[in-house]
Amino acid sequence: MKALVKTSEAIGFEYKDVDVPKIGPKDVLVKIKGTTICGSDIHAYHSSPNIMKMCQLPIVVGHETCGDVVEVGKCVTSIKKGDLVSPEPHIFCGECYYCQNSAALNCLNMGLLGHTIGGAFAEYMAVPAHVCWKHPAGTSYELGAIHEPVGVGVHSVMSGPINGKSVAVFGCGPIGMFALGASRVFGATKMFGIEVAPKRVEMSRKVFPDATIINPKEQDPVKTIKDATDGFGVDVSIELSGHPEATRMCFDVLKREGRVSLVGVPPGPMEFNFHPNIILKEATVRGVFGREVWQTWWQLRAMLDTGRFDPLPIITHRFPLAEFEQAFKMAESGEAGKVLLIP
Ligand code: ZN
């Protein structure tokens, strides 16, 4: 089969022939129908040191995916041939301390699809049946493929109370837009989005007429948000950009006793003053890495069932897998929403 493979520390991927993966007794073989590009895939493309530390080379990359089950291992009872599934890419063991304490997201033996376990920019992948989310009948391949990144947006919002709260989302790339969608559905009162890339500003304004989208190059986000919240600031700040300045701003716009959820990965250590920002404000700071298994997936399902937020328009570009170079350029440009690769 054809697959995108990270073979060395060199920049880029190879589009090459590899064997169809073999399944074990507890695995399923999935015929992949589409995989979207994640920020971490872009980091892998460029051989960023943090990602390279996690990768076991050579590795088939990609993890935001869905496909049809075409073969099941002999011990698998929960999934059958023909089911449409998305894997939870944090491949948890189900047996360690954290897995036994409802925290599989932080599994001690975690495998990562597309980093340590052969991934989804390929025609087929083999994954353990116990990490597969079964989509209801009628789910489109595209909606299936973006469940994983939508889940990050949902988890960032639901990592603390949101109902009746005001929220500011820093970074309106795809995950930021998914976070705004989840904020709407789960009951945020006022929503703000902060984004510098003009195309993404334009797209966010179109998808979220119920939010105030702020371009910091045109408007001061702190003043705009304070003015719109009686000078108090927001109850919840969600940081998705990884930009140190945006991270500090999350606290500048935060109401006393508010919550900051940090999702974006900063480029390195950063300077931060804890006293005014956390201690004096009695702020709550929450790190977010992935999705709660399986709470986030069920929340996502409930969100989609309301019909009050459709994440599909946030997929803006589709390419055949062979044209990955072009697809990655588009994903990096700041001009796209989610970019889908189809094997
Ligand atoms: Zn575990």
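Residues 24 or more positions apart account for 67% of the contacts in the protein chain that have a separation of 6 or more; two residues are in contact if their C-beta atoms, placed from the backbone, lie within 7 Å. The model is a predicted one, in which local features need pLDDT of at least 70 and side-chain atom pairs count only at pLDDT 80 or more, while totals for chains, interfaces and linings use all residues. Residues are numbered from 1 along each chain as its sequence is written.

## Overall dimensions

The protein chain has a radius of gyration of 20 Å, which agrees with the value near 20 Å of a compact globule with 343 residues. The radius is taken over C-alpha atoms, and the globule rule is 2.2 Å times the number of residues to the power 0.38. Along the principal axes, the C-alpha atoms fill a box of roughly 60 × 40 × 40 Å. Of the 343 residues, 48% count as buried. A residue is buried if 20 or more other C-beta atoms lie within 10 Å of its own, exposed if 12 or fewer, and partly exposed in between, with C-beta atoms placed from the backbone.

The protein chain holds 11 helices and 18 strands. Helices (H or I, at least four residues) and strands (E, at least two) are DSSP runs, numbered from the N terminus.

Two strands pair if DSSP finds at least two bridges between them. Strand 1 (residues 2–6) is mostly covered, with four of its five residues buried. Strand 1 runs antiparallel to strand 2 (residues 14–17) and also antiparallel to strand 4 (residues 59–60). Strand 3 (residues 27–36) is joined to strand 5 (residues 64–72) in antiparallel fashion, and strand 5 is in turn antiparallel to strand 6 (residues 84–87). The table gives the bridges of each pair and one pair of facing residues.

| Strands | Bridges | Facing residues |
|---|---|---|
| strand 1 and strand 2 | four bridges | A3 and K16 |
| strand 1 and strand 4 | two bridges | K6 and I59 |
| strand 3 and strand 5 | eight bridges | V30 and V69 |
| strand 5 and strand 6 | two bridges | G67 and V85 |

K80 lies in the loop between strand 5 and strand 6. K80 is exposed, because 11 other C-beta atoms lie within 10 Å. Not counting residues up to four places away in sequence, K80 touches V69 and V72. P49 is 31 residues from K80 along the chain, and their C-alpha atoms are separated by 39 Å.

Six strands form an open sheet with parallel pairing, in the order 13-12-11-14-15-16. Strand 13 (212–214) and strand 16 (284–287) are the edge strands, each pairing on one side only. On average, neighbouring strands of this sheet are turned by 15 degrees against each other, direction ignored. For such angles, axes are lines fitted to C-alpha atoms, for helices over the stretch in contact, and angles run from 0 to 180 degrees between N-to-C directions.

Within the sheet, five bridges join strand 14 (residues 234–239) to strand 15 (residues 254–262), and the two run parallel. Here I238 stands opposite S261 of strand 15. Helix 7 (residues 221–228) packs on the sheet, where it touches strand 11, strand 12, strand 13 and strand 14, and its direction makes about 160 degrees with that of strand 13. Helix 5 (residues 174–185) lies across strand 11 (167–170), strand 12 (191–194) and strand 14, running at about 175 degrees to strand 12.

R256 has its place in strand 15. R256 is exposed, because 11 other C-beta atoms lie within 10 Å. Leaving aside neighbours within four places in sequence, R256 is in contact with K281 and E282. The C-alpha atoms of R256 and Q326 are separated by 45 Å, the two being 70 residues apart along the chain.

## Helix 4 against helix 10

Helix 4 (residues 147–158) and helix 10 (residues 295–306) pack at an angle of about 95 degrees, and their axes are 9 Å apart. Helix 4 is therefore roughly perpendicular to helix 10; angles under 35 degrees count as roughly parallel, over 145 as roughly antiparallel, 65 to 115 as roughly perpendicular and the rest as oblique. From helix 4 the contact takes H147, V150, G151, V154, H155 and M158, and from helix 10 it takes T296, W297, Q299, L300 and M303. By class, this contact has six nonpolar, five polar and no charged residues. Ala, Val, Leu, Ile, Met, Phe, Trp, Tyr, Cys and Pro count as nonpolar, Asp, Glu, Lys and Arg as charged, and the others, Gly among them, as polar.
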